[in-house]
Amino acid sequence: MISEFKNFDKLLFRRLILLMVSTSILTVLIPNIFNFEKYYGLSRFIDQGYIGVFLNNKLEFFLTLFMSFFSLTSFILIYFFISIGRFFFLIYMILNFLIIVLGGDNINYGILYPLDWIKNITEAFLIYHMFIGNFKKNFQ
């Protein structure tokens with residue numbers, strides 16, 4: 001009976017990871033598929049931030065590649081409940097936060113706001129449960 005609840009907890013945790021990954025992918029793909037920028041043209045009016053000013057396109061590309069690799073690694077590690085994965089995920093979240101802060105303004109389209117909100121809540125839920133909540137014991 002207890003093992004069934006433990007397996008259900010692990011399944012729920014893994015589904016939350018998949019939910020976060022899928023909403024992250026959708027928030028990037030939807031504006032590109034429907035080409036929202038073509039209709040609105042707002043990007044030329046927003047602040048490009050410190051990253052856009054101080055880094056050229058090649059360095060921004062390498063930063064994107066590094067963060068993509070780092071996020072993929074952390075997702076795989078926490079998906080399989082490897083203990084170092086929760087620290088990788090926390091470091092990824094902190095670096096992502098700093099990049100968002102230094103990256104300048106961001107345009108949130110109305111249709112993407114609920115997806116972005118779900119992704120942020122899922123991230124917070126995962127961090128809470130990995131370090132404080134019920135899933136903490138699975139990472140030891």
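N138 is buried, because its relative accessible area is 14% (buried means under 20%, exposed over 50% and partly exposed in between, with a 1.4 Å probe and protein chains only). The residue lies in the segment after α6; helices here are DSSP runs of H or I with at least four residues, strands are runs of E with at least two, and both are numbered from the N terminus. This is a predicted model, where local features need pLDDT of at least 70, side-chain atom pairs count only at pLDDT 80 or more, and totals for chains, interfaces and linings use all residues. Residues are numbered from 1 along each chain as its sequence is written, and side-chain values use heavy atoms, with hydrogens and water left out.

**Around N138 and F81**
- Leaving aside residues up to four places away in sequence, N138 touches K6, K10 and F81 (contact means heavy atoms within 4.5 Å).
- K10 also lies over the face of F81, 5.4 Å from the ring centre; the rule wants NZ of Lys or CZ of Arg within 6 Å of the centre and within 35 degrees of the ring normal.
- Over at Y79, the charged end of R14 sits over the ring, 5.1 Å from its centre.

**Aromatic pairs**
- The count comes to 12 aromatic pairs, taking rings of Phe, Tyr and Trp (its six-membered ring) with centres within 6.5 Å, and calling planes under 30 degrees apart stacked, over 60 edge-to-face and the rest tilted.
- One of them is F81 with F139, a tilted pair at 5.4 Å centre to centre and 50 degrees between the planes.
- That pair links distant parts of the chain, with F81 in the loop between α4 and α5 and F139 in the segment after α6, 58 residues apart.
- Both of these Phe residues, F81 and F139, are buried.
- F89 and Y92 have ring centres 6.4 Å apart and planes at 40 degrees, so they're tilted.
- F89 and Y92 are both buried.
- Ring pairs also tie F13, F81, F135 and F139 into a cluster.

**Largest pocket**
- The largest pocket holds about 1800 Å³ of space.
- Its lining has 43 residues, with V28, N96, I99, I100 and N106 nearest the centre.
- α4 (57–79) is one of the helices supplying at least two lining residues, and α4 gives the most, with eight.
- Sorted by class, the lining has 20 nonpolar, 16 polar and seven charged residues (Ala, Val, Leu, Ile, Met, Phe, Trp, Tyr, Cys and Pro are nonpolar, Asp, Glu, Lys and Arg charged, and the others, Gly among them, polar).
- A pocket is an open set of points on a 1 Å grid over the protein atoms alone, with protein on both sides within 12 Å along at least five of seven lines; a cavity is a set where a 1.4 Å probe fits but cannot get out, and lining residues have an atom within 4 Å of a point.
- Points are joined across faces, edges and corners, and volume is the space filled by probe spheres set on them.
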